[in-house]
Amino acid sequence: MNQQDLINKRHASLADAKSDMKTMLANRLSHYSLDAPLYNDPNLFKIDMEEIFQKEWLFVGMTSEIPKKGDYFTVEIGQNPVLLVRDGEGKVQAFHNTCRHRGSLICTEHRGKVANLVCPYHQWTYDLKGNLLFAGTEMNKDFDLTQHGLKSAFCKTAGGFIFVCLGKTQPDDEFDAFLETLNEYMAPYDVENTKLAVESTMHERANWKLVLENNRECYHCAGSHPELLNTLLEWDDTEDPRAPQDFHDHYNAQASEWDAEGIPHQHRSFGATQRNRIVRMPLKKGTKVMTIDGSAACSKKLGRVLNAELGSMRILHLPNSWNHMQSDHFIVFRVLPVSAQESIVTTKWFVHKDAVEGVDYDADKLRHVWDATNEQDKILGERNQMGINSIGYQPGPYSQTYEFGVINFLQWYSDTIQKNLS
């Protein structure tokens, strides 16, 4: 079989996989889990990567991770290495981290600071806006530097959050409305004056959708997350149909204090399936933040915050992030797929930029609850994947009260895949 025959066979196989995926999604029951191949088949995973992770807006990090000119960090989105860098005008730029010469990685470290972006292979040099400055005297005298700048990715920032899109065009949806609200709701935290205190990366042997499904419900919390439930109320948001009156009374009492301080808290969601959502939720009475005992994790509050009991402002962004904003620190979570049955979950804790470790905060206290919770969720996700891989698996029903967030997520996933494949 010659090379063209191999290419044609591959394209035919991918076309068959797309046809199968369309059929499965079109025929699925909206309140049931997905067919097994959508959780474990390598060909369908490739479609997830192409139609979701290479076309939709993804959360990658926070602006305060790269506070000054030349600061950068890198992220791997499937097989696509991406570079985020602060340019000389203070703008965050996103580039494909691949040299225009022979494709080598340019920035090989996860974080760093540079004057220019220099490929270590042959020293091709780019400025912080991606323009090629130097390609050596060995190139033909007619070589045009201006035609060989770095390939950029779409990049938007709001409220200190950085989002990228690897597609050829930007998705036409409600994303800008979400960003406008994110700016408003994040303003009290003054993210530019925070710093990354702790970061953890966890490899989970589970499909990325299982990681998200687990996050989108607290049905499992009572049996799995004792540390988290020291402070967390299990209700998903202020509109949770299960929430009793004493929760609403507690929320209203706290909301009156937040209003007095000018702290936004009303539930805001975007899209029929709530792809993007922001809501401030109170924590358990008598607790301030999500630490093991509910007491402050850092002595310096964030931004213009005065009230130590801001609860947790929960920010959801599908397909790959959920977050908790509190009075003295905030936590961001990022999920990126590795393969059909592997995901990377990254957790980052941020504090006031002037906070000193060992003086103003204890890193172990800061991360204790979520380190435990992440590990517990990892076990749950991997067991879930193992069960789905069994020939005995068939899609099972979700609770429309306890698991409505999962139903919303899979509806968004199904709608998005089908739209992007059309």
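Lys-55 lies in the loop between helix 3 (42–53) and strand 1 (58–62). The model is predicted, and in it Lys-55 is partly exposed, with a relative accessible area of 31%.

**Surroundings of Lys-55**

- The relative accessible area of 31% places Lys-55 in the partly exposed class, because that class lies between the limits of under 20% for buried and over 50% for exposed.
- Leaving aside residues up to four places away in sequence, Lys-55 touches Glu-50, Cys-165, Gly-167, Pro-171 and Asn-420.
- One of these, Asn-420, stands 365 residues from Lys-55 along the chain, yet the two C-alpha atoms are separated by 8.3 Å.
- A polar contact of 2.6 Å links the side chain of Lys-55 with the side chain of Glu-51.

**The sheet containing strand 1**

- Four bridges join strand 1 to strand 10 in the antiparallel sense.
- Within this sheet, Gly-61 is found opposite Ile-162 of strand 10.

- Another open sheet consists of four strands in the order 4-3-2-5, with antiparallel pairing.
- Its edges are strand 4 (92–96) and strand 5 (111–113), each of which pairs on one side only.
- From one strand to the next, the twist averages 25°.
- Strand 2 (residues 71–77) and strand 3 (residues 80–86) run antiparallel and are joined by six bridges.
- Tyr-72 has Val-85 of strand 3 opposite to it.

- The buried residues in helix 4 are Phe-175, Phe-178, Leu-179, Thr-181, Leu-182, Tyr-185 and Met-186.
- Viewed down the helix axis, these buried residues fall within an arc of 165°, so they line one face of helix 4.
- An α-helix has 3.6 residues a turn, so residues three or four places apart point the same way.
- The buried residues of helix 4 pack against several strands, among them strand 9 (154–158) and strand 10 (161–165).
- Further packing partners include strand 12 (268–270), strand 13 (276–281), strand 14 (312–317) and strand 15 (321–325).

Methods: Residues numbered from 1 in each chain as written. Predicted model: local features only at pLDDT ≥ 70, side-chain atom pairs only at ≥ 80, totals over all residues. Heavy atoms only, no water. Pairing = 2+ DSSP bridges. Helix = DSSP H or I, 4+ residues; strand = E, 2+ residues; numbered from the N terminus. Axes fitted to C-alpha atoms, helices over the stretch in contact; angles between N-to-C directions. Buried < 20%, exposed > 50% of the residue type's maximum accessible area, 1.4 Å probe, protein only. Arc of directions from axis to C-beta. Contact = heavy atoms within 4.5 Å. Polar contact = N/O pair within 3.5 Å; in protein donor to acceptor, adjacent residues only side chain to side chain.
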